Amino acid sequence: MRPPQLPSPDDDEEPPEEKRKPPEIREMLANIGEKLTPRAGEGKPDVYQRGNEVEEILQALASPLKGRVVVLGPARVGKSAVVQTVVDRIAAGNCPSELKDKEVWRLTPGGLMSFSTHGNWQRMFDQLLTEWAKQPEIILFFDEITRAGRLSNFPSGGDDDEFDLGIIPHLMRRGGGVDLATLFATALKRNKGLCIAEAEDNSWRRFCDTYVDYDQLFLPIRVKEPDRGTTRDIVRHVADDLSVLHSIQVTDEAINQTLDLSQRYALDRAQPGKTIDLLRDSLAVTKTTDGAKLTAEDVIKRFGEQSGLPRMLLDDSTPFNEDEVLRYFKRRVLAQDQAVEAIVQSLSLLRARVNNPLRPMGVFLFLGPTGVGKTELARALAEYLFGNRERLVRFNMGDYAHYSQHVELFGNPYSRDVGGRRGQLTNRLSGKMFSVIVLDEFEKAHPVIYQRFLQLFDEGLMINGNDETINLRNAIMIITSNYGAQLIQHERIGFSRGETLEARETRVLSETEQYFTPEFMNRIDAVCIFHPLTRAVMADIARREISDLLQREGLTRREFEVDIADEVIEQVIALGYSPRYGARYLKRQIEKTITYPLARQINSLQTETSGGAIRLYAKQNRIFATYFPPKTAEPESAAATGETASHQIGFTDIRKALPILAARIEALEELHDITSARALRDSILSEMSDVNFWNDQGSARRKLDAYQRATSTVDTLTALRGSFETLSELCAKADSPLDSAQRPYRFLLSELPRIEFTSWLSGPHDQCGAYMQIAIKSKLIAARQWSGTLAKMYLAWAKKRGLTASVVGEDQSPDGRALTITLAISGFGAYGLLQSESGTHRLIQVVKDMGKESMQRVAASVTVLPELPDDDDLPTAADLEVSVKELNRAGVLLTRMTTSVSVRHAKSEKRLTLSSNLPPDDLTVEASRILRTGLYLKNGGDDSAPGGLARTYSLTKDKGVHDHRTGKRTAKIKQVLDGEIQDFLDEAMKKRAER
């Protein structure tokens, strides 16, 4: 909406007479609102079961003593429906005579914000209210009036002293911002105009605390939440209307199920709106056929998709076997039976509906040393309850150690942006009210944060800095603490040798209660003590982790079987067992001692080799790998074992290879600039010894990343150089044993190709992560499906390579002709590998239309951008205009999109829109970065990404995939669409290196 165009008081020239006339009141209102009574006498039926409230509002508006009404009630109770009925009654003339022929105009905070685009908004708003006072037939309806209190950051306007001193001199003398809510209250006290407002109870109360005049100016009329019987009557009435609209019969069982689920789980909204919302959603996804019915099963299925809750919590007919649940958690978290049983007991209470509905689903305190299963149990709980570990939301409470940081977590009411007012807790939980919330190392938080969490633990409710009531009664809250970790250790001084485990736990609880306040401990459902892991448990964990390791893409793709000798497991445990550091240290040792020998053996094989077995064995405290082909061969065969093959290599062959190996190593040292890397590593290491190094966490994190990269480069190249020098010395001696020379030689042969491959990533941004934009311009359903298929292909590829990938957002044009899916793929070299994917990806398939087969071609455009770090020379974010709006719909890949962010670059007019279920602030950051990256590349930063026709995927009789840039073809189209595109990427990299 554009603001009303008024003459500027600063114009030097005298404006023409016709331009000095004020705009007509209705023209002004049309620019910032909408007329709700377009046709008098329309005669719509009254809202169901709300006749008393409607009559009260009509009488109050007609009363000469009041004339101003605020409709109060919780969210979704029906306030808007009541107001709409009042408007319809006035339009139809079915109202007190004093209100006949009145017009109702709706104003919203969003519409009023359009004033801010004009220089002198105070004069404009004052003129609007002055004209309104002259038009008694106009009734103003303020939707969400309490948000007007936020509209105080407008520009102060021109130098109009008469206006500034006439209406709000006290504000201007104070130097404060001009407040729209104060201006409106001043106008209401000066004239008799009729007005309706709408607000939630708590917001209105806090609003009136700030603006005391409103409590006297408006007559409150409350719309109360109906009882269950009345709610059912209302829902039945609405269901009858919806069944006609959708041509679907709504059964009584469906209504009962909808009421039950909304009452139990939609705790942040009121009846009947929350039940009607679920009913509408369920009808919207139900297929319309002859005799179609909406059943209880349809409602359960739809609510399960929305909430992620397991069926056992939604459907009483679903069996709940506590023993099976207990076994599931004990398989996931070993040797922590007390904690597991506490969690399963909580689930039993939820299932039986005997938990306290006015508290969170559970509040647990996990005590114990690091790496013993606290986070793993929380993760297992999130996956069991919601089927997705993304529902696990973790907060490191060490980040909130100072008093001032409580506003970061719970919201700063004085922040200018809505994200700052809402706070990190609200923002990160947006769309995840059904979740497992983990508060890590809670003892490190400031004590004032303890107090804020007390109410949340007790009532499950929190009011953030944006005056929003956050309901977390559908969340399970887990507080982890390392406090008492040393007390649990057996070697703790002060424990007697004969002290039992129960006595030790009692002492831990006693000291914990002394550290945390009694009020805090009384709000905990269960205190779970996690004990250090024994060697036997660590062995079980090692076997499980190794089993998971063997499912990685490098082994499964080439169908390798892996046989691990028992002594390998024992050596891993010997290296990785640490009562102090727990299972995390063990996992790191597994990565070091097992994955590396596997990788070396796989890299030594021909790329086309598949099948067979790789055996891991221990020798002289080291772990080695040997490959056995799929077909049994004689021991003398050259391919029998790695050791047999190596004996065919003699000193003559090795000496001939030395100059080539030396040149390859020198080229890598020059490419990676080992001298600079060593200097950078030493410099950062010296800085880390300074106590002030950690004061700036952002700077420290960047330097640590740089230190790790430099260290990796130095260590890798040093190992190559050391092996080469050892090999040279052995070749120079006449009596050197051959097997001593073969070991460094084989090491160089296996490592050099792997490291040289990374040297292909020589572009300016090749080592960065990547953003991928998959766009189609077609209304065909097949085109939308094709864009989703390509996105899934890249996500599957990233998963196979162990990269982090996610759907950042989607953007669909209003006419449905354009769709863009944006992915983020993070990890070393993602951009370098994927940039060759930029271009057109075409699908050819056979479709049937009216019984005839025809060839269909759809295409999607793929654009790959680097995920540049913050310190790149990107265009400044100050030139971006950002708009945010709420959504509630599904996308192609995203099952629910709650926020849409549009970012526009003022200078270039470039625009990017993303819709997602991410918090608004996070989505704004992503959209801004992608747009700025695109501008940076276009302006000369880097524009090396190819275009044109990239690849054709044929689902005709001649099935297959053809890469037009490399000429590579394959008939395995299903495998390619399942993410097996690495061969295409490798071929593109080779072509690029040749150029």
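This is a predicted model: local features need pLDDT of at least 70, side-chain atom pairs count only at pLDDT 80 or more; totals for chains, interfaces and linings use all residues.
Residues are numbered from 1 along each chain as its sequence is written, and side-chain values use heavy atoms, with hydrogens and water left out. Local features need pLDDT of at least 70 and side-chain atom pairs count only at pLDDT 80 or more, whereas totals for chains, interfaces and linings use all residues.

The chain contains 39 helices and 29 strands, taken as DSSP runs numbered from the N terminus (helices H or I, at least four residues; strands E, at least two). Of its 995 residues, 49% are buried, meaning under 20% relative accessible area with a 1.4 Å probe, protein chains only. Among contacts with a separation of 6 or more, 72% join residues 24 or more positions apart, a contact being heavy atoms within 4.5 Å.

Helix α9 (residues 180-190) is largely enclosed by the rest of the structure, because nine of its 11 residues are buried. The buried residues of α9 include Leu 180, Phe 184 and Leu 188.

Helix α13 (residues 252-265) packs against helix α14 (residues 273-284) at an angle of about 125°, with their axes 9 Å apart; the axes are lines fitted to C-alpha atoms over the stretch in contact, and angles run from 0 to 180 degrees between N-to-C directions. That angle makes α13 oblique to α14, the class left for angles that are not under 35 degrees (roughly parallel), over 145 (roughly antiparallel) or 65 to 115 (roughly perpendicular). The contact involves Thr 258, Leu 259, Leu 261, Ser 262 and Gln 263 of α13, together with Lys 274, Thr 275, Leu 278 and Leu 279 of α14.

Notes: Buried means under 20% relative accessible area, exposed over 50%, partly exposed in between (1.4 Å probe, protein chains only).
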